[in-house]
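Good morning, and thank you for making time for this. Please have the sequence and the model open while I talk.

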Amino acid sequence: IDGNADFVPAADHAVPQPKPIEKMTVEEPFLRGVDEEKHGEEGASSKTNQQVLGRDPGYVPALLKMAWQAYRSADFPRAESFLARALSRNAFDPRVHYVAGVVYRAAGRWTLAEDAFWAAIHYGGPPAPALAQLGELAIRQKHYQEAADLLGRALSYAPDDALARADLAVALRGAGKLEEASKAVEAALDESPLLPFARAERWRIEAAQKHAASPNSGGGSDWAKPLPADVQNYMEVAAWYRGLDDLASADAVLESAVKSLQPPGLSPLVYYYLASDARREGNVTAADGYAAKAQSADYAKVFPNRLEDALVLQEQLQRHPVDPHGQYFLGNFLFAHGRYEDASRLWFQALGEGFENAVLMRNLGLYAQQIKGDLTGAAGFYESAVRLDPNEYRYYVDLDEIYFRLNAAARREKLFATAPAAVLNRDPVLVRRALLATQEKHFDQALELLKEHRFKPWEGGAIVRQMFVQANLQKGRQAFAGGNFGDAEKAFRQALEYPVNLGVGKPGKPRDEEAWYWLGESLAGEQKTEAAQQAWKEAAEEGKSGGGVGQLFRGLALRRLGQTEEANKILKGLTDAAAQAQPSAETLYVTGLLGIVEKRQAEARSNLQRAVQLDPAHWQARLELDQLGR
């Protein structure tokens, strides 16, 4: 009803599958997109909102979400196009006018921004945010008393807004009312003692009160002392001052960063900001000097994330078009915000100007793989990344996944054969090596890799035991097919174990129905009828609350227990789901497994191939295909 997933599904019932979008109201998929956004899945949220707009091109909530996303990606014309559509649907919606004000302000269209914020208030929107924005715009125009009045009104609606109080302090300092400014900033610090903006503004007020010789000299970086020695604190404050067009304060903060931090802690973005400030102040010589420092600074681990970062970098590239580091940084920002083609263009320009960097190559590999679907090209970029930084294990994991999808087993073997020992012993790399060994039917080798290492649990770390289970299941099924039921039984029993070194404990409700089913088959082959019946009962019980795979082996186990009617109902439901117009990859994988068990190899292969086409990352389906023989 409310668009949120159930917190806990009903006991012993499968998690309900989401409704197809064509059967939803317009609001339902929109709420799904909101949930995706909450979980940080901005790309998925954007696709969902596009689907919503396909159903209703004027649906205002979705248009606002898309406008915000375009704004955060520094694509102001696109943001304005969404807002124009929203206004054509409802010209009196205060939410639309407020977002329009934010976008116009970022684009430097000050008059339009002011009009939009006043309209947001006029049409009944919450006054505090719009008044605070109007106050900041007044500071930009050096109308300090007007700014103070607007910010005072904003605080009358939201008295606990510490940032608005810091804005008020800036306005009062600009108006020369230093005592009032000091009181305002202390009130902000009472609300939020570690707020960097308020601490920096108190530092600026104290400097003004002491009649410092230079407005760009604050007597050190005392304002940042209680905060972590992180350049991002300086950058956030500098971006805020730039938004108020208080360049002297922005410079003071940035210069305190230069004094306080040493490379690699000092980001080249600090110098890009200083260059931009110098240009605005008309000091072209100083701007070019800062730009040169930015281009020669350490570029490792620099990932621009603020809108102001992108604007500064765009300005830099307009002034200095041949700046591979700037192109690389701006490309990183744009890619992270979904502007893939613009990002790739900048990355290729940086590469063409001689910037060979492992992370750049990885980024181009991601673009080739995830955006263009070019696995061969992606492999080439990742190979370059490995060559440039052979000790970064993540490149091996990603490259092996690409080779896996290309069915390039020989290249995978070579990749691991030439990797440093430190890389080979990383947890994710060991899992990939075990997958390769399992594919090549070297099951004991795969299991030795997993047994000899103590894995450290990480988010999603269940993959380690999944690989352990798969190696044992494949080993057992191979023995079973050859009539070696005793060896098969040993392998299936091992698949039920939870070795401590894998870092995954046995849950209260295990999901081992597949291993139990095959254990029953091997016991039946050994004429251990009673034990086989017990194993199938375990499979049927554990598969009760499971999804597709759980239901499959529950159905197969019930069939072996003689409960034919219920078994056929379950199995028919699975095959009917696969026959629908748009079955999921997991559904096709499940029916592929059913075909393998029932020895319908051609049908199994077809379903597994379709599963892989739908979801190239479905490694279990690929593994089953390899065991069948492509």
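I will go from the overall fold to the cores, then to salt bridges, and end with a cavity.

A word first on what we are looking at: this is a predicted model, in which local features need pLDDT of at least 70, side-chain atom pairs count only at pLDDT 80 or more, and totals for chains, interfaces and linings use all residues. Residues are numbered from 1 along each chain as its sequence is written, and side-chain values use heavy atoms, with hydrogens and water left out.

The chain has 34 helices and zero strands, where helices (H or I, at least four residues) and strands (E, at least two) are DSSP runs numbered from the N terminus. Along its principal axes, the C-alpha trace spans about 95 × 55 × 40 Å. Of the 630 residues, 50% count as buried, and here buried means under 20% relative accessible area, exposed over 50%, and partly exposed in between, with a 1.4 Å probe and protein chains only. If we take contacts, meaning heavy atoms within 4.5 Å, with a separation of 6 or more, then 57% of them are accounted for by residues 24 or more positions apart.

Let me turn to the interior. A nonpolar core is a set of buried Ala, Val, Leu, Ile, Met, Phe, Trp, Tyr and Cys residues joined through side-chain atoms within 4.5 Å. The largest one has 132 residues, and those touching the most other members are Leu83, Trp223, Val237, Trp240, Tyr241, Val253 and Trp347. Leaving aside residues up to four places away in sequence, Val253 touches Ala200, Trp203, Trp223, Tyr234, Val237, Ala238 and Tyr241. Apart from that core lies another, of 62 residues, including Leu556, Val597, Trp619 and Leu623.

Next, the charged side chains. A search of the whole structure finds 40 salt bridges, each being a side-chain nitrogen of Lys or Arg within 4 Å of a carboxyl oxygen of Asp or Glu. In one of them, Asp245 and Lys142 meet at 3.8 Å, N to O. Asp245 lies in the loop between helix 12 (231-243) and helix 13 (247-260), and Lys142 in the loop between helix 7 (127-140) and helix 8 (144-157), so this pair ties together parts that are 103 residues apart in sequence. Lys142 counts as partly exposed because its relative accessibility is 40%. By contrast, Asp309 and Arg306 are both buried, and their closest N and O atoms are 3.1 Å apart in a salt bridge.

Which residue forms a salt bridge with Glu624? The partner is Arg477, with the closest N and O atoms 2.9 Å apart. Since Glu624 lies in helix 34 (residues 619-628) and Arg477 in helix 26 (residues 463-481), the pair ties together parts that are 147 residues apart in sequence. Glu624 and Arg477 are both buried.

Arg477 also brings us to the second largest cavity, whose lining consists of Arg477, Glu514, Trp518, Phe553, Leu593, Ile596 and Val597. On a 1 Å grid over the protein atoms alone, a cavity is a set of points where a 1.4 Å probe fits but cannot get out, and lining residues have an atom within 4 Å of a point. The volume of this cavity is about 30 Å³, a volume being the space filled by probe spheres set on the points, which are joined across faces, edges and corners. Helix 32 provides the largest share of the lining, three residues.

Note on methods: 1 Å grid on protein atoms, 1.4 Å probe; cavity = no way out; pocket = protein on both sides within 12 Å on 5 of 7 lines; lining within 4 Å.
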